[in-house]
Amino acid sequence: MPVGSVAPPFLLVAAGASRLANAAQRQALIRAAVAAIEARTGSSPEIRVTATATAGRAAAREAIAAGAPFLVVAGGDGSVRSAAAVLAGTGIALGIVPGGAGNLVAAALGIPRSTERAAAALATARERPIDVGRAWVGAGAALPTPFIVAAGVGFDARVMAATTERRKRSLGIGAYFAAAAAVAARIKPFAVRLVVDGVVHETDALAVLVANAGELIPGLLRPRLPLVPDDGLLDVLVARGRGVAGGSRAAFELLLGRGVHTAIGPYAARFAARRVEVDAPVEEPIEIDGDVVGGGRLVAEVVPGAVRILVPA
């Protein structure tokens, strides 16, 4: 690069994302994102269209090596999470154009679900430093998996596991609602041991969610006490009860609760912590930002202010 020149931004497009698989839609998104990036910086971005997670991470590393001022990812939650993991601690901002079915990260940060609106918002977006969670899954796990929204054991992970790619493509976010109804009808409590910043709690649960940011239903329903992505803490939400009635009561208490707890109640509890350990039966699945990654044991901790996200001004 010539002396005195400024590196261009990078635009990473995950071609496998459910809402970007169609070539015409993908090209329309690229045009919209390029126009917004040019309006923001006065320069055209380097464009990388990727088909695998490995290629996506390589493109993010390329952006770092080039000294890009920011990287925009158009894709689903997995692509966003992978890029955030690479960019964490570099000071290079991450822009998001949600192209998947769930788009949990975008919803948690107030980024429009519409690809056109999200792309246009890049022109005037501001940088917001947010925390990143690190999760170790399974006994003896050596390397952590990063998360921006949440890692969960039980109900939410079962919903993710039951939501097929085919249904995501045909129903969009509705695929998760259909799966949730089916899972709720047959889920049973499981025994769980929690260690929350060194304090041990033993109980049964329908779900344990270790959350950094987000909403109970993305884009529709958020808890009265918000999940704040830049407070240096993780929120631990425990849902108890039996059957649909018990699960509904737990969800209601978590939705309307005004504070954190020191003990687990008959239906729900919410804690705040920097480090959390969850030990559940190995058959209980674990999800990280919407992707099922294993089962049984989950250890999570927070890294404050690790990544800068471009959010609507």
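This is a predicted model: local features need pLDDT of at least 70, side-chain atom pairs count only at pLDDT 80 or more; totals for chains, interfaces and linings use all residues.

Biologist: What is the phi of aspartate 289?

Modeller: Most residues other than glycine have a negative phi. Aspartate 289 has a positive phi, near 50 degrees, and is not a glycine. Aspartate 197, likewise not a glycine, has a positive phi of about 50 degrees.

Biologist: In which order do the strands of the open sheet lie?

Modeller: Strands of a sheet pair through backbone hydrogen bonds, either parallel or antiparallel. Here an open sheet of 6 strands has antiparallel pairing and the order S12-S11-S10-S7-S14-S15. At its edges stand strand S12 (268-273) and S15; each has a single partner strand, so one side of each lacks a neighbour in the sheet. On average, neighbouring strands of this sheet are turned by 20 degrees against each other, direction ignored.

Biologist: How many bridges join strand S7 to S14, and which residue is the bridge partner of alanine 151?

Modeller: Strand S7 (residues 150-154) and S14 run antiparallel and are joined by 3 bridges. Alanine 151 has isoleucine 288, in S14, as its bridge partner.

Biologist: Which helix packs on the sheet?

Modeller: Helix H6 (residues 155-162) does, touching S7, strand S10 (207-211), S14 and S15. The direction of H6 makes about 95 degrees with that of S7.

Biologist: How many residues has the largest nonpolar core?

Modeller: That core has 61 residues, and those with the most contacts inside it are Leu11, Leu71, Leu94, Ile96, Val97 and Ile309. Helix H1 (residues 23-41) supplies the largest share, 6 residues. Apart from this core lies another, of 25 residues, including Ala205, Val208, Val276 and Ile288.

Biologist: With which residues is leucine 71 in contact?

Modeller: Leaving aside neighbours within four places in sequence, leucine 71 is in contact with Phe10, Leu11, Leu12, Ala60, Ala83, Leu87, Ile92, Ala93, Leu94 and Gly95.

Key. Residues are numbered from 1 along each chain as its sequence is written. Side-chain values use heavy atoms; hydrogens and water are left out. Two strands pair if DSSP finds at least two bridges between them. Helices (H or I, at least four residues) and strands (E, at least two) are DSSP runs, numbered from the N terminus. Axes are lines fitted to C-alpha atoms, for helices over the stretch in contact, and angles run from 0 to 180 degrees between N-to-C directions. Contact means heavy atoms within 4.5 Å. A nonpolar core is a set of buried Ala, Val, Leu, Ile, Met, Phe, Trp, Tyr and Cys residues joined through side-chain atoms within 4.5 Å. Buried means under 20% relative accessible area, exposed over 50%, partly exposed in between (1.4 Å probe, protein chains only).
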